[in-house]
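Work through the exercises below with the sequence and the model open. Each task is followed by its solution in steps.

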Amino acid sequence: MADKPKSAPFNPLAAWQEAIQKWEHELNAWSGQFTSSEEFGALIGQATKATVIAQKAMAEQTEAVLRSLNLPSKSQIEEVSERLAVIEDHLAQMRLQLARFDSSAAPTPAAPEPRRTRKPPAAAPAPAPAAGKAAKRDA
């Protein structure tokens, strides 16, 4: 019997990888041809326009609903937030200017309080009137 050369055993993973690679190459070639056509570019342009129009209509409708509910829209909240940031910046600048003004002005010393030189008179012991009244009642 003649010996057959041994071939590598069947590897299903390698076969799967090869099939996927062939499929990817064919798909890339087809999509490259399809996307390079003028029709594809026109189609994508129209789809983009339609998307922008739909987004604008949705934003307008959402804003109308919010307005009818007396609620602010996102753009209105952003505007208020920007205005508030500007106001906070101005306040911070004013605080810095006040701090510079206060530190540059010479501090005036507080007027000294008058000295307390008089002392209250010492309390003299008062006679006990209760003892005299009690003696009169007994008599």
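**Exercise 1: Accessibility in helix α1**

Trp30 has a relative accessible area of 53% and is therefore exposed. The model is a predicted one.

Task: Decide whether Trp23 and Phe34 are buried, partly exposed or exposed.

Solution. 
- Step 1. The cut-offs are under 20% for buried and over 50% for exposed, with partly exposed in between.
- Step 2. Trp23, a residue of helix α1 (residues 12-35), is exposed because its relative accessibility is 53%.
- Step 3. Phe34 has a relative accessible area of 40%, so Phe34 is partly exposed.

**Exercise 2: The surface patch**

Task: State which residues form a nonpolar patch on the surface and give their accessible area together.

Solution. 
- Step 1. The members are Trp23, Leu27, Trp30 and Phe34.
- Step 2. Together these residues have about 470 Å² of accessible area.

**Exercise 3: Aromatic contacts**

Solution. 
- Step 1. Rings pair if their centres lie within 6.5 Å, and the count comes to 2 aromatic pairs.
- Step 2. Trp30 and Phe34 form one aromatic cluster with Phe40.

**Exercise 4: The whole chain**

Task: Describe the secondary structure and the burial of the chain.

Solution. 
- Step 1. The chain has 4 helices and 0 strands, in the pattern α-α-α-α.
- Step 2. Of its 139 residues, 1% count as buried.
- Step 3. The chain exposes about 14100 Å², 61% of it supplied by carbon and sulfur atoms.

Terms used:
Residues are numbered from 1 along each chain as its sequence is written. This is a predicted model: local features need pLDDT of at least 70, side-chain atom pairs count only at pLDDT 80 or more; totals for chains, interfaces and linings use all residues. Side-chain values use heavy atoms; hydrogens and water are left out. Patches are made of residues with over 30% relative accessible area and no salt bridge: like charges are joined within 9 Å, nonpolar side chains (Val, Leu, Ile, Met, Phe, Trp, Tyr) within 5 Å. Accessible areas come from the Shrake-Rupley method with a 1.4 Å probe; for residues, only the protein chains shown count as cover. A salt bridge is a side-chain nitrogen of Lys or Arg within 4 Å of a carboxyl oxygen of Asp or Glu. Helices (H or I, at least four residues) and strands (E, at least two) are DSSP runs, numbered from the N terminus. Buried means under 20% relative accessible area, exposed over 50%, partly exposed in between (1.4 Å probe, protein chains only). Rings of Phe, Tyr and Trp (its six-membered ring) pair if their centres lie within 6.5 Å; planes under 30 degrees apart count as stacked, over 60 as edge-to-face and the rest as tilted.
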